[in-house]
Amino acid sequence: MATPPHAGQLPLFGGSAPKSCISSAPVSERVQSLARRLPPRVYLGTSSWSFPGWDGLVYGHAYPKAALAREGLTAYARHPLLGSVGLDRTFYGPIEAERFAQYAAEVPDDFRFLAKAHAACTLARFPDHPRYADRRGQHNPQWLDPHYAIDAVVGPFIEGLGAKAGVLLFQFSPQDEQALGGRHGFPEKLHAFLSRLPRGPAYAVELRNHKLATPAYRAALADSRTLHCVSVHPTMPDVRTQAQQLQVLDAPGLVVRWMLNPRMRYEAARRYYHPFDTLVDPDLIARHAIAELVRTMSERGRPSLVIVNNKAEGCAPLSIEALAEVVVGDSHQETP
């Protein structure tokens, strides 16, 4: 199997793996060639790895979802185009450094993780959801609290993943803008928070309230050397608009999360695209826009980390193959 193109690079976003009973799917010469020709420090990956429908694409057999969640990461990381992965479970509750270290032990040295920070860091008020019980609708005292973030999130992330710590993402789910401080108060609060986090890891912020993507927000990120995560999601402007408005190409690195078909809601996409083994709805506009950003950042000597969800086009590994083709200029896909 070909050495991933980012092998030996020092990370901005920043053992041997234990044995696993999960086998890897054979990799074609075409895919290996794509991986060899990707620019250095381009990390492509999916938002998780536990999908039985990836039989023949990533895994050698259709293993149960629970088995893949428990033991599939090593086989996933053998795929030459999959040099990164998203950790979503950390959004729902912080995990210890030891668990991060277990993940790190299952992947090569040149692999990079994107981990979501615990939602308590970014929820101004607890949502009206049963999981929050009697706290629903109340102010969250841990919101933008740097002490909590450092102790529960940043510390374990750095200690457990070490050099494989790619990006720590603070995702702001859709919320009442006034609870967040509004378009004037939010950038100030965000800047105060980010400025008190320890330097070292790459931090990124993902918005779902597009009206908060103001010049003041952009300035808060730039001053704290934090990246705006370009999100392909119905709640946000398209990729090119985000990149232009927020001057993404001037940042020290690029983070993209290609999450959802703009015409779909999450649950509808999950039902429609399952079992996630086919490109059902190719999104050429998003694909080419992301590829343009990656190429430009590579030309400027800066790293890119792109996470793709099954619900973007129907099958994240196939989306990554198609994206890699555009990045390396080996594509006959029609330019939108």
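A salt bridge is here a side-chain nitrogen of Lys or Arg within 4 Å of a carboxyl oxygen of Asp or Glu. By this criterion the structure, a predicted model, holds 13 salt bridges.

**View 1. The salt bridge between Lys116 and Asp88.** The two side chains meet at 3.7 Å, N to O. Asp88, at 27%, is partly exposed.

**View 2. The salt bridge between Glu206 and Arg208.** The closest N and O atoms of Glu206 and Arg208 are 2.9 Å apart. Both residues are buried.

**View 3. The salt bridge between Arg300 and Asp250.** In this pair the closest N and O atoms lie 3.9 Å apart. Arg300 and Asp250 are 50 residues apart and link distant parts of the chain. Arg300 is in the loop between helix 11 (284-299) and strand 8 (304-308); Asp250 is in the loop between helix 9 (239-245) and strand 7 (254-258). With a relative accessibility of 42%, Arg300 counts as partly exposed. Asp250 reaches 54% and so counts as exposed, a class that begins over 50%.

**View 4. A salt-bridge network of Arg30, Glu321 and Glu325.**

**View 5. Helix 1 (residues 29-37) and its packing against helix 13 (316-327).** Val31, Gln32, Ser33, Leu34 and Ala35 of helix 1 are buried. The buried residues of helix 1 pack against helix 13.

**View 6. Surroundings of Tyr76 in the largest nonpolar core.** This core has 108 residues. Tyr76 is among those with the most contacts inside the core, together with Tyr59 and Phe172. Leaving aside residues up to four places away in sequence, Tyr76 touches Gly45, Thr46, Ser48, Trp49, Trp54, Val58, Tyr59, Leu82, Ser84, Val85 and Phe111.

**View 7. Another nonpolar core, apart from the largest one.** The core shown here has five residues, including Phe91, Ala119, Leu123 and Tyr132. In soluble globular proteins, nonpolar side chains tend to be buried together.

Terms used
Residues numbered from 1 in each chain as written. Predicted model: local features only at pLDDT ≥ 70, side-chain atom pairs only at ≥ 80, totals over all residues. Heavy atoms only, no water. Buried < 20%, exposed > 50% of the residue type's maximum accessible area, 1.4 Å probe, protein only. Helix = DSSP H or I, 4+ residues; strand = E, 2+ residues; numbered from the N terminus. Contact = heavy atoms within 4.5 Å. Core = buried A, V, L, I, M, F, W, Y, C linked by side-chain atoms within 4.5 Å.
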